[in-house]
Amino acid sequence: MITLGVGGISYPELKNIVSLPFEDVRVLRTYSVTSLPNFFARHIFKKSGAHSFLNCFSWDMGLTKVDLFHFFNRISAPPRPWMVTFEHEVPRWNARSRMGMRLLAGNSCGKVIALSDFAYDAQRQLLEEFPDLRDDIAAKMITLHPPQPVLIPDVAAKNLDPDRLSLVFIGRDFFREGGANVLSVFSRLIQEGHAVHLVIISAMNHGDYVTNASAADVHDALRVIRSLEHHITLRSEIADLHVADYLRDAHIGLLPTYDDTFGYSVLECQAAGTPVISTDVCALPEINNNDIGWLIRVPQGIDRRALFRTADERARLSRIIEEQLYETIKRIIADPAVIRNKATLAWERIRDHYAPEQRAAFLTSLYRDVLTHARAKR
């Protein structure tokens, strides 16, 4: 039995590591020399951000009784073997930290797991700035998408209203993930007399790094939602079990996001036989395409991130998302039979390639390899 230490139990750790059905691995929540200062930073002083050193570095000084660590977006130091799954670039507190890169290249780091090809390519590009460390780190790198269990036995089991098109939007950062554009398009469809219903599952967060939406923007969005209360259901973040119920009852999922390092909700929708309309930024084309869903093409750089740095770029991006989202839904309304075909292909892809049992077995083999390599280096 392998005893595996994890640095947290937030959604990414739960999704990618902790909740997996391991047979020969015992997962243990562990703490770091940064845990106490991070606690004070979060609860007494200014809240530490996701990219702060305190959140992105974990070190137990060799005192924790585990065989190895598997971190998410965090890196560590000797002596205990460790590995990291990351969503964009590491070290996260400063992608160009030489200290961080040396730790990734060191013998204690066994694997560097990119959550997507998008993340893998970003890290490989970053490594070109460290030619003396590049090959050692690159040799440890692989890509591994998150696991996702199917949420229905088959697409025929979906509980769909035949008289109206049901859509679901899931996004904590409502504005960054295209929520305002969804509202605008939905309002237009209602005015045109289409039988549609929208479920919004969101904390309605604002102030994100893309749109800089304000509390006033939240107020305006809630006003629109209230005005369409017979056509829109708003839910704040709720238990996963209830989210799954909404996904099962929806024809289509929505993630017209401006910027999203992965897009877990796309996999969740597909697992419920609910094909998704998404943008084509970052990792989204790896998990969604026009065979199993619909892609909104947006202007982007060579790094596959949308162009949103200036006010003009953000305005253009918003306009393109809104126009293409509207046209896509209109085409679906005109030919609803396409939903079933895409739903079936999307659900089958999740069933065949994202099973948690497969991920657990694969990671267990990686843990054994890392431990074997660590023993050989002693």
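This is a predicted model: local features need pLDDT of at least 70, side-chain atom pairs count only at pLDDT 80 or more; totals for chains, interfaces and linings use all residues.
**Exercise 1.** In what order do the 6 strands of the open sheet lie, and which strands stand at the edges?

Solution. Reading across the sheet, the order is β2-β1-β3-β4-β5-β6, and the pairing is parallel. β2 (25-29) and β6 (141-143) each have a single partner strand, so one side of each lacks a neighbour in the sheet. From one strand to the next the twist averages 25°.

**Exercise 2.** Describe the surroundings of strand β5 (residues 109-114).

Solution. Begin with strand β4 (residues 82-86), which pairs with β5 in the parallel sense over 5 bridges. Within this pairing, F86 has A114 of β5 as its bridge partner. Then take β6, which runs parallel to β5 and is joined to it by 3 bridges. Here I113 stands opposite I142, and A114 has T143 as its bridge partner. Last, consider burial, for which the cut-off is under 20% relative accessible area. Of the 6 residues of β5, 6 are buried, so the strand is largely enclosed by the rest of the structure.

**Exercise 3.** Classify the crossing of helix α10 (residues 264-271) and helix α13 (residues 337-353), and describe their contact.

Solution. The two axes come within 8 Å and cross at roughly 105°. Angles of 65 to 115 degrees count as roughly perpendicular, and α10 and α13 are therefore roughly perpendicular to each other. L267, Q270 and A271 of α10 meet A346, W347, R349 and I350 of α13 in the contact. By class, the contact residues comprise 5 nonpolar, 1 polar and 1 charged.

Definitions and conventions
Residues are numbered from 1 along each chain as its sequence is written. Side-chain values use heavy atoms; hydrogens and water are left out. Two strands pair if DSSP finds at least two bridges between them. Helices (H or I, at least four residues) and strands (E, at least two) are DSSP runs, numbered from the N terminus. Axes are lines fitted to C-alpha atoms, for helices over the stretch in contact, and angles run from 0 to 180 degrees between N-to-C directions. Angles under 35 degrees count as roughly parallel, over 145 as roughly antiparallel, 65 to 115 as roughly perpendicular and the rest as oblique. Contact means heavy atoms within 4.5 Å. Ala, Val, Leu, Ile, Met, Phe, Trp, Tyr, Cys and Pro count as nonpolar, Asp, Glu, Lys and Arg as charged, and the others, Gly among them, as polar. Buried means under 20% relative accessible area, exposed over 50%, partly exposed in between (1.4 Å probe, protein chains only).
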